Amino acid sequence: MSLSHKRQTREIITKAICGKGRKFSTATHTVTPPHHPTSILGAWIINHQYEAVAAGNGIEVIGTYDVNIWYSYDRNKQTEVAKETVSYVELIPLSYLDPRHRASTVEVSAEATQEPNCVEAGVSPGGGSVTLRVEREFEAELIAETKVRVFVTDQTDDLEDKDYDFEGENFDYDDLDPDALDDEL
């Protein structure tokens with residue numbers, strides 16, 4: 001069977017990255033240890049866990065981590081480690097989002113490009129608590145089914161050096177209906 005036209009196109013439905021985003025943020029947490037701290041000897045974050053979900057035009061990262069603070073008290077005569085679990089929700093806006101993706105097929109993923117890290121810890125002015133500044137960064141992707149238009153030909157000659165105009169007649173991308181396929185499946 002040969003193609004009836006010299007140039008034809010086909011729409012291919014494929015999974016693709018249809019949205020991307022990245023966000024660096026800082027958060028401030030206040031931890032109240034059992035004793036009034038005199039000085040902070042160390043602060044670190046462990047047990048970071050998170051998951052990503054689609055949220056409007058962005059991706060929400062929902063997670064927790066444990067904050068450990070080694071501090072001295074009783075005028076630097078004794079030490080102890082205070083532990084607290086912190087929950088957070090980080091909305092990552094998408095800097096790129098393909099409006100033609102099929103919303104019913106959306107999958108999201110997020111990766112911590114910078115794990116939560118305590119960059120500053122100090123005794124609060126009242127002396128009864130510790131204030132921590134934490135930095136973290138995430139990169140997120142939205143993956144979904146979308147349509148890709150490809151050129152089809154029955155010619156077997158070398159097509160490498162050919163120049164094709166895909167913006168010509170019958171190529172009005174604004175008229176494409178990304179939801180039209182939902183009914184067909």
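The legends below describe close-up views of one predicted protein model.

Residue numbers start from 1 along each chain as its sequence is written, and side-chain values use heavy atoms, with hydrogens and water left out. Because this is a predicted model, local features need pLDDT of at least 70 and side-chain atom pairs count only at pLDDT 80 or more, while totals for chains, interfaces and linings use all residues.

**Figure 1. The whole chain and its confidence.**
Helices (H or I, at least four residues) and strands (E, at least two) are DSSP runs, numbered from the N terminus. The average pLDDT of the protein is 85, and 79% of the residues score at least 70; pLDDT is the predictor's confidence in each residue, from 0 to 100. Over residues 181-185 the pLDDT is below 50, and beyond near neighbours in sequence this stretch has five contacts in the model. Contact means heavy atoms within 4.5 Å. Among contacts in the protein with a separation of 6 or more, 76% are between residues 24 or more positions apart. Of the 185 residues, 30% count as buried. Buried means under 20% relative accessible area, exposed means over 50%, and partly exposed is in between (1.4 Å probe, protein chains only).

**Figure 2**
Strand β7 (residues 130-152) pairs with strand β1 (residues 8-31) in the antiparallel sense over 23 bridges. Two strands pair if DSSP finds at least two bridges between them. On this side, Ile 12 stands opposite Val 148 of β7. Strand β6 (residues 107-123) also pairs with β7 in the antiparallel sense, over 13 bridges. Here Leu 142 in β7 is the bridge partner of Val 108. β6 and β7 form a hairpin with six residues between them, and in its turn Gly 127 has a positive phi of about 90°.

**Figure 2. The sheet of β2, β3 and β4.**
Three strands form an open sheet in the order β2-β3-β4, with antiparallel pairing. β2 (37-55) and β4 are the edge strands, and each pairs on one side only. From one strand to the next, the twist averages 15°; axes are lines fitted to C-alpha atoms, for helices over the stretch in contact, and angles run from 0 to 180 degrees between N-to-C directions. β2 and β3 pair over 15 bridges. Ile 45 stands opposite Val 67 in β3, and Ala 54 has Ile 59 in β3 as its bridge partner. The hairpin of β2 and β3 has two residues between the strands, and Gly 56 takes a positive phi near 60° in it.

**Figure 3. The largest nonpolar core.**
This core has 25 residues, of which Tyr 65, Val 67, Ile 69 and Leu 132 touch the most other members. β1, β3 (58-73), β4 (78-93), β6 and β7 each supply at least two residues of the core. A nonpolar core is a set of buried Ala, Val, Leu, Ile, Met, Phe, Trp, Tyr and Cys residues joined through side-chain atoms within 4.5 Å. Leaving aside neighbours within four places in sequence, the contacts of Leu 132 include Ala 27, Val 31, Ala 43, Val 67, Ile 69 and Cys 118.

Beyond neighbours within four places in sequence, Asn 68 is in contact with Gly 42, Ala 43, Trp 44, Ile 46, Val 81, Ala 82 and Lys 83. The C-alpha atoms of Asn 68 and Ile 45 are separated by 6.2 Å, although the two residues are 23 residues apart along the chain. A polar contact of 3.2 Å joins the side chains of Gln 8 and Arg 10. A polar contact is a pair of N or O atoms within 3.5 Å; within protein, one must be able to donate a hydrogen and the other to accept it, and residues adjacent in sequence count only if both atoms are side-chain atoms.

**Figure 4. Tyr 96 in strand β5.**
Strand β5 covers residues 96-97 and contains Tyr 96. Tyr 96 is partly exposed, with a relative accessible area of 42%. Not counting residues up to four places away in sequence, Tyr 96 touches Ile 17, Cys 18, Gly 19 and Lys 20. Tyr 96 and Gly 58 are 38 residues apart along the chain, and their C-alpha atoms are separated by 9.9 Å.
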